[in-house]
Amino acid sequence: MERLLSPPRLMIVSDLDHTMVDHHDPENLSLLRFNSLWENAYRHDSLLVFSTGRSPTLYKELRKEKPLLTPDITIMSVGTEITYGNSMAPDHGWVETLNNKWDIGIVKEETSKFSELKLQAESEQRPHKVSFYVDKSKAQDVTKELSQRLEKRGLDVKIIYSGGMDLDILPQGAGKGQALAYLLKKLKTEGKLPVNTLACGDSGNDAELFSIPDVYGVMVSNAQEELLKWHAENAKDNPKVIHAKERCASGIIEAIGHFKLGPNLSPRDVSDFLECKADNVNPGHEVVKFFLFYERWRRGEVENCEAYTASLKASCHPGGVFVHPSGAEKPLRDTIDELSKYHGDKQGKKFRVWADQVLATDTNPGTWIVKLDKWEQIGDERLCCTTTVKFTAKEGEGLVWEHVQQTWSKDSMVKDDSAWII
Ligand SMILES: [Mg+2]
């Protein structure tokens with residue numbers, strides 16, 4: 001969050017499963033649409049927050065399976081853990097808050113007396129969340145009896161039963177809604193209260209997100225019955241909460257447009273973006289557009305026409321150099337020439353490219369450095385390169401690519417780097 005010196009223009013707080021991530025979309029198209037919109041128009045001055053019931057272990061598994069962006073803030077384990085940045089540094093203030101009238105030893109001791117409760121996997125047991133499976137027919141009685149016993153022992157807890165099988169015990173002050181309220185308060189104290197906040201969800205435990213004052217909300221089209229019922233009973237007349245017509249991440253884009261929170265045209269919805277030169281003074285856009293073009297080129301979705309390569313070459317400095325992650329260097333213009341060999345080589349194959357954490361800085365007047373993580377999905381393999389692009393901007397001539405350098409990210413397991421083109 002330190003990178004933002006002023007209040008974020010937009011903060012998106014989104015659930016993951018069946019909201020940001022569509023498990024019925026094997027191509028992940030709606031997520032990829034959202035990704036390019038976010039990196040193109042919001043990353044530099046806005047905040048992305050994921051709020052999930054998943055524990056850190058299961059959250060990391062999802063990130064390996066799906067092309068998720070790196071959020072600025074991650075709220076996990078049903079609002080009991082808040083972490084920041086790539087390093088996922090924990091929020092100690094939130095830990096302190098949750099310690100109030102909470103003692104995990106007592107929770108474990110009391111729950112062990114219930115034979116109906118079956119402890120979930122070790123990875124799901126967290127400092128402020130104890131999770132069990134319990135049969136639907138027993139859930140109500142167990143919950144009632146357990147809350148009385150814990151209250152007698154001086155604890156103040158919240159017992160959440162969801163999905164017809166999961167029983168979570170959390171401190172009373174925990175939950176997705178309270179975690180968001182805490183975050184907004186903290187941002188306000190730092191003078192960084194977002195101009196707009198949009199909460200996005202699909203199920204019962206997301207309802208809390210929509211109860212926070214001054215927050216816009218979107219229930220994606222595929223929202224579960226329990227959330228729609230909550231909405232009908234509690235928030236029907238609140239114009240700040242909508243039920244989108246579109247599924248998952250596309251529903252989030254729809255809400256950005258509906259509430260007029262900023263640009264809502266994903267670069268993936270633009271078919272001929274090399275022709276649209278109107279906003280090319282933004283070096284971040286240039287990079288997002290280039291890698292999207294590169295994906296379409298190799299998928300054979302754009303025509304193999306010389307005008308494209310000529311236009312790309314014209315925007316590269318004649319002395320510009322590309323440093324391949326293997327360390328090999330070659331002129332940028334030669335790299336563009338080589339692209340023609342690869343036109344359509346991924347046609348009909350699983351091949352996607354996306355940019356994550358695109359950040360541009362203007363070091364000297366007229367010179368920009370753009371850093372990003374560039375991801376490629378090739379079949380079932382995923383590779384990531386940390387990419388640095390140096391641009392110069394000349395009056396009336398737009399941006400010129402001066403230098404591109406890539407290094408393998410530590411997340412990539414690279415067996416053969418000759419398949420990596422740019
Ligand atoms: Mg969900």
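Reader: If two strands pair when DSSP finds at least two bridges between them, how many bridges join β1 to β10?
Author: Five bridges join them, and the two strands run parallel; one place to look is M11, which stands opposite T197 in β10. Strands here are DSSP runs of E with at least two residues, helices are runs of H or I with at least four, and both are numbered from the N terminus. Please keep in mind that this is a predicted model, in which local features need pLDDT of at least 70 and side-chain atom pairs count only at pLDDT 80 or more, while totals for chains, interfaces and linings use all residues. Residues are numbered from 1 along each chain as its sequence is written.

Reader: ok, and which way does β10 pair with β11, parallel or antiparallel?
Author: Strand β10 (residues 196–201) pairs with β11 (residues 216–219) in the parallel sense, over four bridges. Within that pairing C200 stands opposite V218, and A199 has G217 as its bridge partner.

Reader: what's the order of strands in the open sheet?
Author: Its eight strands follow the order β5-β4-β3-β2-β1-β10-β11-β12, with mixed pairing. At the edges are β5 (89–90) and β12 (241–243), and each has a single partner strand, so one side of each has no neighbour in the sheet.

Reader: which strands does helix α6 touch?
Author: Helix α6 (residues 176–189) packs on the sheet and touches β1, β2, β3, β4 and β10, with its direction at about 150° to that of β3. Contact means C-beta atoms, placed from the backbone, within 7 Å; angles run from 0 to 180 degrees between N-to-C directions, with axes fitted as lines to C-alpha atoms, for helices over the stretch in contact. Helix α7 (residues 225–234) lies across β10, β11 and β12, at about 135° to β11.

Reader: why is β10 largely enclosed?
Author: Five of its six residues are buried, so the rest of the structure largely encloses β10. Buried means 20 or more other C-beta atoms within 10 Å of a residue's own, exposed means 12 or fewer, and partly exposed lies in between, with C-beta atoms placed from the backbone.

Reader: switching topic, which residues of α11 are buried?
Author: In helix α11 (residues 332–339) they are L332, R333 and I336. Their arc around the axis, taken from the directions from the helix axis to the C-beta atoms, is only 100°, which puts them on the same side of α11. Among the elements covering them are α10 (306–314) and β13 (316–323).

Methods. Two residues are in contact if their C-beta atoms, placed from the backbone, lie within 7 Å. Two strands pair if DSSP finds at least two bridges between them.
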